Each structure stands twice: as structure tokens, then as C-alpha cells.
Amino acid sequence: MSGSDHPSPPDFARNALAEPWNLLTVSGLAASAAAANPERLFLRDCASREDWDGNLPRQLSFADFQREAEFFAGQLETLGIVAGDRALILMPNVAEAAIAVVGCLMAGITPALAPAEENIDTLRAACERISAAAIITTGMLEELRPAEIA
């Protein structure tokens, strides 16, 4: 897309969301839902998860999801990943991926999602392109285990 394809600032301002929509955030919506419906089912892994990654499918209530996302956000800070940083999230479609995205947003970190089946050279280029401070994954990148290095 060329620069001329982007709306000019006046067009963008005219199309900006009006209150209260401009005040909504994903992490704010998660917190509101957890407060309003703490025990209600929020997220469910697919039933066949155990077949393809060996883990039992997870079910999380709004409150459980909020707690895990807040914990994840705090863990990012202990690793030195701070607001303003970018993190590449490399996970299959599992509950942990949603927790990682919302946890990053809670911590002020910009999440960038990458397909779990991407090759190492493409991932390396993506990390360089976004200046990633971290790679968040549940597995290995070829023979590299990022969690063991952290």
C-alpha cells in the first residue's frame, strides 16, 4: 500500500471513534467482564488439543482469564520486558495465546502474532523488523528453547 492509500489526517480524525468507543481497550474489556461475570465461561480450548500438543483442553472463566493475564503481565516485567516494548507471540490457537496477547496489552507491550508453523528465518526477520524485545512461545524454535535462555 502506498502512502497515498492512507487517509489524510483530517479524514482520519473525522472517522475516529466517538466516546465512549474511543476509550475502550482489550484489557479494559477483559477486566469489566471479569468483574461483571467472574464465574461465567470465557474461553475453551478445542476438544482435540490433547491429540496435537499433549495438553488437556482448558476452560477458563472470565475471572480465571483475568487472573492469568494479570500474572503474565507481571512476569513480563520481571523479565525486563516493559511498556513500549514489542513481543512476538508464536503460539498455536490455544488459551495461552489469548492470555499472552491480553497480558502484553495490560503491560503496555505491543503483541505481534506470528503463525506457529513459520520457519526460523522468517521469524528472525519478523523479530528484527518489529525490534522485538521478546519471543513468547510454548515450544521450541528449531533446537532453541527461548524459555530456558530467559
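The model is predicted, so local features need pLDDT of at least 70 and side-chain atom pairs count only at pLDDT 80 or more, while totals for chains, interfaces and linings use all residues. Residues are numbered from 1 along each chain as its sequence is written, and side-chain values use heavy atoms, with hydrogens and water left out.

The protein has seven helices and five strands; helices (H or I, at least four residues) and strands (E, at least two) are DSSP runs, numbered from the N terminus. Read from the N terminus, the order is α-α-β-α-β-α-β-α-β-α-β-α. Of the 150 residues, 27% are buried, where buried means under 20% relative accessible area, exposed over 50%, and partly exposed in between (1.4 Å probe, protein chains only). Among contacts (heavy atoms within 4.5 Å) with a separation of 6 or more, 65% link residues 24 or more positions apart.

In soluble globular proteins, nonpolar side chains tend to be buried together. A nonpolar core here is a set of buried Ala, Val, Leu, Ile, Met, Phe, Trp, Tyr and Cys residues joined through side-chain atoms within 4.5 Å. The largest one has 11 residues, including Leu 76, Ile 89, Ala 100, Cys 104 and Ile 136. Strand 3 (86-90), helix 5 (95-106) and strand 5 (134-137) each give it two or more residues, with helix 5 supplying the largest share, three. Leaving aside residues up to four places away in sequence, Ile 136 touches Phe 72, Leu 76, Ala 87, Leu 88, Ile 89, Leu 90, Met 91, Ala 100 and Cys 104. There is also a second, separate core of seven residues, among them Ala 30, Leu 60, Ala 95 and Val 102.

Helix 5 also packs against other helices. Helix 4 (residues 62-78) meets helix 5 at an angle of about 60°, with the axes 8 Å apart; axes are lines fitted to C-alpha atoms, for helices over the stretch in contact, and angles run from 0 to 180 degrees between N-to-C directions. Helix 4 is therefore oblique to helix 5, given that angles under 35 degrees count as roughly parallel, over 145 as roughly antiparallel, 65 to 115 as roughly perpendicular and the rest as oblique. On the helix 4 side, the contact includes Phe 65, Phe 72 and Leu 76, and on the helix 5 side, Ile 99, Val 102 and Cys 104 are among the partners.

Helix 2 (residues 26-36) comes within 8 Å of helix 5, axis to axis, and the two cross at roughly 110°, so helix 2 is roughly perpendicular to helix 5. Val 26, Ser 27 and Ala 30 of helix 2 make this contact with Val 102, Leu 105 and Met 106 of helix 5.

Ala 95 sits in helix 5 and is buried, at 1% relative accessible area. Beyond four places in sequence, Ala 95 touches Leu 43, Asp 45, Arg 49, Arg 58 and Leu 60. Arg 49, for its part, belongs to helix 3 (residues 49-53) and counts as buried at 3% relative accessibility.

Most residues other than glycine have a negative phi. Ser 131 is not a glycine, yet has a positive phi of about 55°; Ser 131 lies in the loop between helix 6 (120-130) and strand 5.
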